[in-house]
Amino acid sequence: MSKPEWRRLPWLSWCVVAATLIGCQSMVASGVHRPRLAVLLPMGLRDAEVRQDFLQGFGLGRASVEVCGEPFPPVAWHGVNAGDALASQWRPSIELKLLVAPPSADLRAFAALAAERDLTVLLPYQRGQSLDTLRGLEGRERLWPIVPSQQDDLKATVAAALEAGWGRAMVVEDPAALESTSSNAFVELFQAAGGIVESYEAEPVQRVDPSNSQRLQRFKDDMAWSWVPTVVVADSPDGPLSQQLRAEQQQGRFGGGAPRTPNWIWLTEAEGLQDAPNVPWQQLGLRHPARGEAWAEFQESFQQHTGTVPSLLAAAGFDTARLLALADAAPVPLADDGGLDAMGWLDPEQEKAVPICEALDQRRRGESLRLQAAASDSRFRAGQAPSGQAMAGLIE
């Protein structure tokens, strides 16, 4: 099929999403179905947007499978609450072979569950510091990340900064900001690429609580004395630290050459930079996170159906649905130890990633394959995040 027909079915994904939401309740309650596949959804009070993003993408992924003439396999849907012990919330059936964890899952808990129940676990949205845990985690061979690490985004930001000639910088973080979790990783990548990080502290990252006026003044003094031409800001554009520093620089009281310099590098995700204020100095940040070659088609369809730009989480839902269909399309292969390996048909080393209909044909023939993916380069491996193509540059 040369052009994905699912992209031209504007009603289809919404029907699928509605059915999925209904199934999330009815399938759990009935106990009649015993599918080999299951998805856990976060059900906390603040998780509605997360569920919606994931399910919208999942619906489009399911539609792409059904257009190939394939019925989508039965999936058990379960809701879980963050912070509760996994074993007390949910007991998988003995038929289950492949489980989709909720976003930002507790990797230790799922590694233990996978070992106890002989399961393979997909991690649809695991990007941050927890992936550091994964590298040394016993049982990681059962855990399969679906999206690239934030390291790919930081590497793109570092490359764009050095290409712009911004090779000397001071890094500042608000310890309460989400972006502060990326500060040290940025420093390591920046220095490894030849950049110079200035610091008047024992640590390379200046930690500044914006409510501490003395600490804020000390940082301003350090910037003024050093004449560092670039500041790396680990805070959101509307965060309290960035607001204060922005106001100071606009009034000529921050760094050398204000308000034209210093330049700013943001460690905020691309979505958070869309409404960054216009300022007299240059700003640089992430334009889009690392993603895969099927992103363009996925984005076109998603926008057609929803009127909005998809998130990486939605793309993860899209890829997850297609991986579940492929896993169920033929018998599960054997692992080296003689057990079952629900993802053993994937081959990350294959040069060509194939469309979903071709992938289903190959899977039924017992062949290994690499699937075209929206959220990554589709080089899926147990215990290791795939990669993708991120882009960073000047904020116009």
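**View 1. Helix α2 passes helix α10 in a right-handed crossing.** A crossing is called right-handed if the near helix is turned clockwise from the far one by less than a right angle, and left-handed if anticlockwise. This is a predicted model, in which local features need pLDDT of at least 70 and side-chain atom pairs count only at pLDDT 80 or more, while totals for chains, interfaces and linings use all residues. Residues are numbered from 1 along each chain as its sequence is written, and side-chain values use heavy atoms, with hydrogens and water left out. Helices are DSSP runs (H or I, at least four residues), numbered from the N terminus. Helix α2 and helix α10 (residues 295-306) pack at an angle of about 115°, with their axes 11 Å apart; axes are lines fitted to C-alpha atoms over the stretch in contact, and angles run from 0 to 180 degrees between N-to-C directions. That angle makes α2 roughly perpendicular to α10 (65 to 115 degrees counts as roughly perpendicular, under 35 as roughly parallel, over 145 as roughly antiparallel and the rest as oblique).

**View 2. Residues of α2 meet residues of α10.** Q56, G57 and L60 in α2 are in contact (heavy atoms within 4.5 Å) with F298, S301, F302, H305 and T306 in α10. By class, these residues divide into 3 nonpolar, 5 polar and no charged, where Ala, Val, Leu, Ile, Met, Phe, Trp, Tyr, Cys and Pro count as nonpolar, Asp, Glu, Lys and Arg as charged, and the others, Gly among them, as polar.

**View 3. Helix α2 also packs with helix α11.** Helix α2 (residues 48-66) and helix α11 (residues 312-328) pack at an angle of about 40°, with their axes 6 Å apart, and that makes α2 oblique to α11. The crossing of α2 with α11 is right-handed. Among the residues of α2 in this contact are F54, G57 and L60, while those of α11 include G317, F318 and A321. The contact of α2 with α11 has 12 nonpolar, 5 polar and 3 charged residues.

**View 4. The largest cavity has a volume of about 50 Å³.** On a 1 Å grid over the protein atoms alone, a cavity is a set of points where a 1.4 Å probe fits but cannot get out, and lining residues have an atom within 4 Å of a point. A volume is the space filled by probe spheres set on the points, which are joined across faces, edges and corners. The lining of the largest cavity includes K97, D118, R142 and D341, and its residues divide into 4 nonpolar, 1 polar and 4 charged.

Conventions:
Helices (H or I, at least four residues) and strands (E, at least two) are DSSP runs, numbered from the N terminus. On a 1 Å grid over the protein atoms alone, a cavity is a set of points where a 1.4 Å probe fits but cannot get out, and a pocket is an open set with protein on both sides within 12 Å along at least five of seven lines; lining residues have an atom within 4 Å of a point.
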